Amino acid sequence: MTILCVRFQLPPMYEAALPQLLGLLEEFTPVVEALPPDGALADLRGAERYFGRDAVELASVIRVRSLALYGVDCVTGAGPGPMLARMALRDARPGLTRAVPEGEVREFLAEKPVAALPGVGTATARTLCEYGLDTLGRVAAAPLSTLQRLVGAKAGRELSEKAGGVDRGRVVPNGVSRSLATERPFTRDELDPGRHRRALLSAAGELGSRLRAVDKVCRTLTLTVRYADRSATTRSRTLKEPTAHSAALTRTAYDMYEALGLQRARVRSVALRAEGLAPAEQASHQLTFDPVDEKVRRIEEVADRARAKFGPRAVMPGSLAA
């Protein structure tokens, strides 16, 4: 168990603390990959040898320091590779690291639903379940040729390997400065699509105002929907043009949400991430001659000036794009 997947229990709209928490992890290893808005992967192979402790013991030290220095608790999954550490994290609880030893990988995966495997989307899971391959144990036992006929040659081989516990991923050190994110948790598992959309509206409004505040535009928008069973679906879309316009971000978020085809899904939270940030002065805007669009942009400018003068709550994010 050399890889940790840590999710810090940050309050909503408190992503600014993530770089400091990443610095805490970097005191143990330089190989840290940020997973905004609130997580990270850490490769502890060198740290285990250096400190003479295994990954689970180091995870306990990290949690204590996070609480003592920043008042932030965390949950942690540990495994032989990044994929397994991520999956272990879903079963973790504060104060108790969920560890998957190398010799118990197949047993850990066997009874999990196919949708729990990273990279398996709703359509792929539905196809596999139609043929009785509803658990990772059954997928691992299926002939490779069968899986390739169902999902394609390359995807079938990757699916077979992952279901069998082969984790070829690695931790890639990165930073969080080229992206911004926000999350909207629900007070209870939410079934109402209307509430899902209102949460996306608010999140897109906040992202737009934050981008404009730092004179940035984004090229890609990523939507993450977390469900009651702690699984999640993530989709990304490249924008037609780099933008910080809240209305454009909202439309893209709605399109990605609708494409998921959720039917009575119990949603725990929705999150949006603006990626591929670039200076706003380097971006071009295609004129539409749409008076409504131009009016919304002027209102955004006024709202931004009000926030700058009276604080971020002077105008609630998302309220102008409705």
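## Basis of the model

The model is predicted: local features require pLDDT of at least 70, side-chain atom pairs count only at pLDDT 80 or more, and totals for chains, interfaces and linings use all residues. Residues are numbered from 1 along each chain as its sequence is written, and side-chain values use heavy atoms, with hydrogens and water left out.

## Overall architecture

The secondary structure of the chain comprises 12 helices and 10 strands. These elements are DSSP runs numbered from the N terminus, with helices (H or I) of at least four residues and strands (E) of at least two. Of the 322 residues of the chain, 46% count as buried; buried denotes under 20% relative accessible area, exposed over 50%, and partly exposed the range in between (1.4 Å probe, protein chains only).

The accessible surface of the chain is about 17,000 Å², and carbon and sulfur atoms account for 51% of that area. Accessible areas come from the Shrake-Rupley method with a 1.4 Å probe, and for residues only the protein chains shown count as cover. Among contacts between residues at least 6 apart in sequence, 66% join residues at least 24 apart, a contact being heavy atoms within 4.5 Å.

## Nonpolar cores

A nonpolar core is a set of buried Ala, Val, Leu, Ile, Met, Phe, Trp, Tyr and Cys residues joined through side-chain atoms within 4.5 Å. The largest core has 30 residues, of which Leu211, Leu221, Leu223, Leu249 and Leu272 touch the most other members. Two or more residues each are supplied to this core by strand E6 (179-190), helix H10 (193-213), strand E7 (216-227), helix H11 (246-260) and strand E9 (267-275). The greatest contribution is that of H10, with 7 residues.

Leaving aside neighbours within four places in sequence, Leu211 is in contact with Leu180, Lys216, Cys218, Thr243, Ala244, Leu249, Ala274 and Leu277. A second, separate core of 25 residues includes Phe28, Ala42, Ala47 and Cys74.

Helix H9 spans residues 153-163, and its residues Gly156, Leu159, Ser160 and Ala163 are buried. They lie on the same side of H9, because they cover an arc of only 100° around the axis; this arc is that of the directions from the helix axis to the C-beta atoms. An α-helix has 3.6 residues a turn, so residues three or four places apart point the same way. The cover over the buried residues of H9 includes helix H5 (105-110), helix H6 (122-130), helix H7 (136-141) and helix H8 (144-151).

Glu158 also belongs to helix H9, but at 39% relative accessibility Glu158 counts as partly exposed. The C-alpha atoms of Glu158 and Gln148, 10 residues apart along the chain, are separated by 9.6 Å. Helix H4 (residues 82-89) is mostly covered, with 7 of its 8 residues buried. The buried residues of H4 are Pro82, Met83, Leu84, Ala85, Met87, Ala88 and Leu89.

## Aromatic pairs and a charge over a ring

The structure holds 2 aromatic pairs. Rings of Phe, Tyr and Trp (its six-membered ring) pair if their centres lie within 6.5 Å; planes under 30 degrees apart count as stacked, over 60 as edge-to-face and the rest as tilted. Phe28 and Phe51 form a tilted pair, at 5.6 Å centre to centre and 50° between the planes. Phe28 lies in the loop between helix H1 (18-26) and strand E2 (32-35) and Phe51 in helix H2 (residues 45-51), so this pair ties together parts that are 23 residues apart in sequence. Phe28 is buried, with a relative accessible area of 10%, whereas Phe51 is partly exposed, with 36%.

Tyr50 and Phe51 form an edge-to-face pair, with 5.0 Å centre to centre and 85° between the planes. Tyr50 is exposed, with a relative accessible area of 71%. Ring pairs link Phe28, Tyr50 and Phe51 into a cluster. Elsewhere, Arg197 lies over the face of Tyr254, at 3.9 Å from the ring centre; the criterion is NZ of Lys or CZ of Arg within 6 Å of the ring centre and within 35 degrees of the ring normal.

## Two loop residues

Arg264 is located in the loop between H11 and E9. Although not a glycine, Arg264 has a positive phi of about 55°, and at 68% relative accessibility Arg264 counts as exposed.

Thr135 is located in the loop between H6 and H7 and is buried, with a relative accessible area of 14%. Leaving aside neighbours within four places in sequence, Thr135 is in contact with Ala110, Glu111, Lys112, Pro113 and Val114. The C-alpha atoms of Thr135 and Ala116, 19 residues apart along the chain, are separated by 9.1 Å.
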